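Please read it alongside the coordinates.

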Amino acid sequence: MGKYRGRGVCSLLWRVTGRGFLGLALVSGAVGYVSFDSFSVPSLDRIRDVSAAVVFTGQFERVDVGLRLADTGAVPRLYISGVNENAGMDPAHLVEQFSIRNPDIADLQRLVACCVEWGQRANNTFQNAQDTKCWVDRRGLTGPLLLITSRQTMARAAAALSGALPDRVIVPYAVEGGLPTGSRTRMREYLKYLVTIVAARLPFTLPAHRAYGPFVDGCPGTL
């Protein structure tokens, strides 16, 4: 009788423990959903402490912010990942395209020649992160990086970049706008963020060629 009673107690403990973990997971998920896109613009002192700024393309406003920070000298150099037709950008006419959008930048051609580089191959967040890693390694940069992207996509972009550069300090600079607002969009972005966290830690969870494309075997010879 005592033996069966012991089994009953163990079973009860397992149920209680399981429910406890489930409850904690639900609470953690709810808290994460509330705060995952809560980002504020870093202070100017914090921005000036970075070794470079990086833009993950998607909306032109992100590039505008990066170019203006470089133009004012707030960041020493700028890298734009994903400059291609999928992002609505023509590498051959990038200066002309963004000169029109940024008339306050007196000489964008000079600024680009001095302090701006870009990569054309990245077509998603994982590829942006690997593309950035290749550039950082090629330039031998060791300091913090300022990551510029939209507020809605910042969490997963930062997770992907931290996965590619695990020892690097990432300073988020969130840009408003770009994606439609609404609970469905926000939930979709949160789920993408969760997937990115898992994939950054366990890369085999996603099809490698689909996720990393031209970066699946490392840095391409020509970026």
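H8 provides the largest share of the lining of the largest pocket, 4 residues. The model is a predicted one, in which local features need pLDDT of at least 70, side-chain atom pairs count only at pLDDT 80 or more, and totals for chains, interfaces and linings use all residues. Residues are numbered from 1 along each chain as its sequence is written, and side-chain values use heavy atoms, with hydrogens and water left out.

The largest pocket holds about 600 Å³ of space. It is lined by 28 residues, of which Asn123, Asn124, Thr125, Asn128 and Arg156 are the closest to its centre. Two or more lining residues come from each of helix H6 (125–139), helix H7 (154–164), helix H8 (183–201) and helix H9 (208–212). By class, this lining has 10 nonpolar, 13 polar and 5 charged residues. Here Ala, Val, Leu, Ile, Met, Phe, Trp, Tyr, Cys and Pro count as nonpolar, Asp, Glu, Lys and Arg as charged, and the others, Gly among them, as polar. Helices (H or I, at least four residues) and strands (E, at least two) are DSSP runs, numbered from the N terminus.

Both kinds of void are found on a 1 Å grid over the protein atoms alone: in a cavity a 1.4 Å probe fits but cannot get out, while a pocket is an open set of points with protein on both sides within 12 Å along at least five of seven lines; lining residues have an atom within 4 Å of a point. Grid points are joined across faces, edges and corners, and a volume is the space filled by probe spheres set on the points.

The whole structure contains 1 cavity of 30 Å³ or more. The largest cavity has a volume of about 40 Å³. Its lining consists of Val63, Leu67, Ile80, Leu94, Val95, Phe98, Leu108, Val112, Val116 and Trp118, which divide into 10 nonpolar, no polar and no charged. Helix H3 (60–71), helix H4 (94–101), helix H5 (108–115) and strand S3 (116–119) each supply at least two of the lining residues, and H4 gives the most, with 3 residues.

The table lists the helix pairs. Axes are lines fitted to C-alpha atoms, for helices over the stretch in contact, and angles run from 0 to 180 degrees between N-to-C directions.

| Pair | Axis separation | Angle |
|---|---|---|
| H3 and H4 | within 11 Å | roughly 85 degrees |
| H4 and H5 | 9 Å | about 125 degrees |
| H7 and H8 | 8 Å | about 5 degrees |

Angles under 35 degrees count as roughly parallel, over 145 as roughly antiparallel, 65 to 115 as roughly perpendicular and the rest as oblique. H4 and H5 are therefore oblique to each other. In contact, meaning heavy atoms within 4.5 Å, Val95, Phe98 and Ser99 of H4 meet Leu108, Gln109 and Val112 of H5. This contact of H4 with H5 has 4 nonpolar, 2 polar and no charged residues.

H7 and H8 pack at about 5 degrees, so they are roughly parallel to each other. Ala155, Arg156, Ala159, Ala160 and Gly163 in H7 meet Glu189, Lys192, Tyr193, Thr196, Ile197 and Ala200 in H8. The residues of this contact divide into 6 nonpolar, 2 polar and 3 charged.
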